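Some labels given to parts of a protein rest on simple cut-offs.

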Amino acid sequence: MSAVALDKQGKVAVIAIDNPPVNAVSRAVREGLIDALQRAESDPAIEAVVIGCTGRTFIAGADIREFGQPPQAPLLPEVVERIEACTKPVIAALHGTALGGGMEIALGCHYRIARKDASMGFPEVTLGLLPGATGTQRLPRVAGVERALEMMISGRPVKAPAALDAGIIDAVSTEDDILGAAVNYAENLIAGGAAPRRIRDLETAPVPPQFFADYRKKMARKTRGLPAPERIVRCVELAASAPYDEAIAREREYFLECKASPQSAALRHAFFAERQVSKVPGIGKETPRRNIHTVAIIGAGTMGAAIAYACLGAGFNVLLLDNDAAGLERGEATINRLYEGGIKRGRITSADMADGLSRFTATRDYADLAEADLAIEAAFENMAVKKEVFAKLDSTCKPGAILATNTSTLDVDEIANATQRPGDVIGLHFFSPAHIMRLVEIVRGAATEPEVIATSLGLAKSLGKIGTVVGNCFGFVGNRMLYSYGRENQLLLLEGAAPEFIDATLFDWGMAMGPNAVGDLAGLDVGYKVRQERTDLPDDPRFYRMADVLAKMGRYGQKTGKGMFRYEPGSREPVPDPEVQALIRQEARRLGIEQRDIGAQEIIERCIYGLVVEGTRILEDGVANRPGDIDVIWINGYGFPRHRGGPMHYADSVGLDRVYATVCEFRERFGPLYWEPPLLLRELAQSGRTFAEWQMPAGQ
Ligand code: 3H9
């Protein structure tokens with residue numbers, strides 16, 4: 001079957017692209033479009049041309065898979081220019097998601113009509129790119145500089161009615177059959193004697209002289225480390241100042257620079273890794289799913305309430321249980337607050353709130369959970385408490401109900417064994433704040449049934465989250481690796497690096513926050529309590545020393561106004577605290593550690609390679625299915641910079657031989673306790689391979 005079909009409906013030629021799943025503009029589509037256009041143009045019976053797509057969407061962009069290979073003619077910009085040069089009016093028929101190169105094709109057409117529910121935009125920036133097929137020059141000409149920048153820098157699509165307001169499209173159709181609607185539109189154009197209308201001939205509306213300088217300042221923090229946004233701004237500046245052809249040549253140059261950048265390679269890796277993650281060995285389309293209508297959440301703390309809110313938002317009936325009447329009231333208040341916050345930010349309406357709350361029940365009685373399809377325990381992080389809850393769930397929930405624990409570290413099998421149905425038990429590790437963070441670690445226990453895993457993956461998707469299936473071990477993937485990262489941070493403090501310097505270094509490198517600010521935000525008491533419960537920690541007095549010292553002093557972080565930093569009343573801004581600096585010096589002396597000057601490079605290498613080493617052990621242990629799964633977890637759960645692709649991709653980009661050599665050097669300098677290189681890292685480094693090339697051995 002050809003990717004592009006040409007059909008005639010009276011005087012209108014209909015060019016329909018059929019390249020599932022998302023009609024990406026692959027080479028075959030580019031060739032097919034040029035050919036079909038040629039034929040339509042040279043056919044004297046044809047007076048207008050419609051370009052649309054079959055399937056669920058208009059073109060969702062260039063084919064991202066081709067970006068790793070040398071470009072093959074015809075290039076997309078040529079296709080867009082060819083469409084625009086057509087001597088007969090060309091109408092784009094948009095439905096689904098018209099994105100990136102798809103939107104550029106639409107802007108190459110002379111008229112655009114979209115189905116009411118269509119959305120359109122330029123998400124290239126999320127792949128480290130800019131619209132490289134004339135989009136940077138066309139969008140400002142129709143939508144204005146400010147709107148064009150907002151769309152291209154955020155990457156967020158707009159819905160058809162907003163696109164109509166902005167002048168990006170000419171008409172919105174309520175018809176399901178958008179190709180049919182576009183043919184009608186074309187017939188009207190023919191009847192009115194309309195001619196081709198070329199965006200390249202329009203002038204971009206002028207902006208005040210300071211506009212671009214101010215815009216750059218405004219976007220600086222959000223776009224740090226990324227080459228594409230600055231180049232997008234330059235292109236839009238050109239759209240407002242340079243002749244079209246000159247600006248297009250620069251757009252092409254910048255696009256190629258971006259495409260070759262390590263940031264784009266990392267972002268494209270993240271894109272595919274996030275889609276790969278739902279493909280789980282042993283779970284297929286044929287695996288049955290259980291129906292989930294009612295979700296019960298046990299524990300009305302901040303986490304439980306946020307999970308409840310997320311489930312209400314996804315349309316489930318929700319029961320929130322807490323033994324404690326005051327706790328339950330607080331949970332309800334949290335849910336109300338989350339709704340009100342959502343309304344204030346314009347994310348939801350008061351009708352959504354009323355609808356959500358009509359499906360919500362608060363209870364203190366386990367008997368009310370009898371009909372729940374899924375129970376998510378979000379009680380204290382304590383094994384005895386968890387086992388008690390699961391024994392109660394076992395005796396009250398109906399057969400076939402899924403019993404999930406939100407534990408972030410504890411043994412899911414031990415929890416499962418507190419029930420008579422360990423096959424129904426699974427870990428669903430949500431991240432705080434649970435209604436915002438996109439990650440859920442789905443922890444597969446030894447006995448967890450495949451259909452329970454498949455159902456959990458579906459649940460994550462319906463909550464708008466990325467579910468990543470991981471194995472059961474202390475801390476699973478994310479928190480197990482966090483221990484290594486946090487350990488190096490703590491050791492660096494004792495060795496002389498100031499907390500604010502470590503934080504600034506890792507923030508500048510791209511982490512969403514520095515580790516010391518994160519500790520203060522999460523509460524130093526939380527990690528302290530978890531460490532107290534563990535019996536397998538290394539026998540090392542330096543291990544998390546400063547975190548323990550501060551927690552024992554009641555310096556828990558933001559909530560007590562003092563932690564690793566201090567906080568002015570009502571402020572979340574960490575302020576370096578000389579008292580902490582004195583405490584660190586005192587502890588270092590006590591442990592016989594000589595403090596020294598530590599540079600940014602050592603901080604980055606120790607913290608990030610600490611992650612890589614533990615990530616490699618996780619692969620060796622079979623706890624994660626793929627290196628990409630680890631990357632997805634760290635990007636979406638721990639603020640790892642997406643433009644570095646996650647710890648495992650980052651190691652690949654540095655070169656595993658270099659990473660291995662540095663780890664060996666650390667073993668010499670700091671001893672083998674933490675820096676013994678894993679066998680897998682050595683093997684890959686010595687054979688010149690990458691994590692991306694690694695496959696889990698069969699049977700693991
Ligand atoms: C661009 O256009 C550059 C130009 O400006 C200049 C060029 C010179 N290519 O996400 P899903 C695959 S840059 C190849 O699960 P959904 C995806 O991997 C591009 N493959 O579906 C998956 O494969 P698999 C700008 C693609 O319904 C399958 O399709 N465009 C592409 O949840 C289904 O995807 C973008 O950045 C692609 N462009 O969401 C849009 N897109 O089944 C990127 C998807 O093997 N795409 N695949 O796992 C999206 O945002 C979402 O896929 C979309 C559908 C919203 C369209």
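A salt bridge is a side-chain nitrogen of Lys or Arg within 4 Å of a carboxyl oxygen of Asp or Glu. The model is predicted.

Q: How many salt bridges does the rule find across the interface of domain 1 and domain 3?
A: The rule finds 0 salt bridges there. Polar contact is a separate count, a pair of N or O atoms within 3.5 Å, and between domain 1 and domain 3 it gives 1 residue pair.

Q: What are the bounds of domain 1 and domain 3 in the chain?
A: Domain 1 covers 4-259, and domain 3 covers 478-622 + 625-693. Their centres, taken over C-alpha atoms, are separated by 44 Å.

Q: How many residues of domain 1 are in contact with domain 3?
A: Contact needs heavy atoms within 4.5 Å. By that cut-off, 4 residues of domain 1 are in contact with 6 residues of domain 3.

Q: What area is buried between domain 1 and domain 3?
A: About 400 Å² is buried, and carbon and sulfur atoms give 51% of that area. Of the area that domain 1 buries against domain 3, Arg221, Arg224 and Leu226 supply 83%.

Q: Why is Ala273 called buried?
A: Buried means under 20% relative accessible area. Ala273 has 7%, so Ala273 is buried. Ala273 lies in helix H11, residues 262-276.

Q: Which residues are in contact with Ala273, leaving aside its neighbours within four places in sequence?
A: They are Gly628 and Val632. Val632 is 359 residues from Ala273 along the chain, yet their C-alpha atoms are separated by 6.6 Å.

How values were computed
Residues are numbered from 1 along each chain as its sequence is written. This is a predicted model: local features need pLDDT of at least 70, side-chain atom pairs count only at pLDDT 80 or more; totals for chains, interfaces and linings use all residues. Side-chain values use heavy atoms; hydrogens and water are left out. Domain bounds come from an automatic or database domain assignment. Buried area is the accessible area (1.4 Å probe) that two parts lose on being put together, summed over both. A polar contact is a pair of N or O atoms within 3.5 Å; within protein, one must be able to donate a hydrogen and the other to accept it, and residues adjacent in sequence count only if both atoms are side-chain atoms. Helices (H or I, at least four residues) and strands (E, at least two) are DSSP runs, numbered from the N terminus. Buried means under 20% relative accessible area, exposed over 50%, partly exposed in between (1.4 Å probe, protein chains only).
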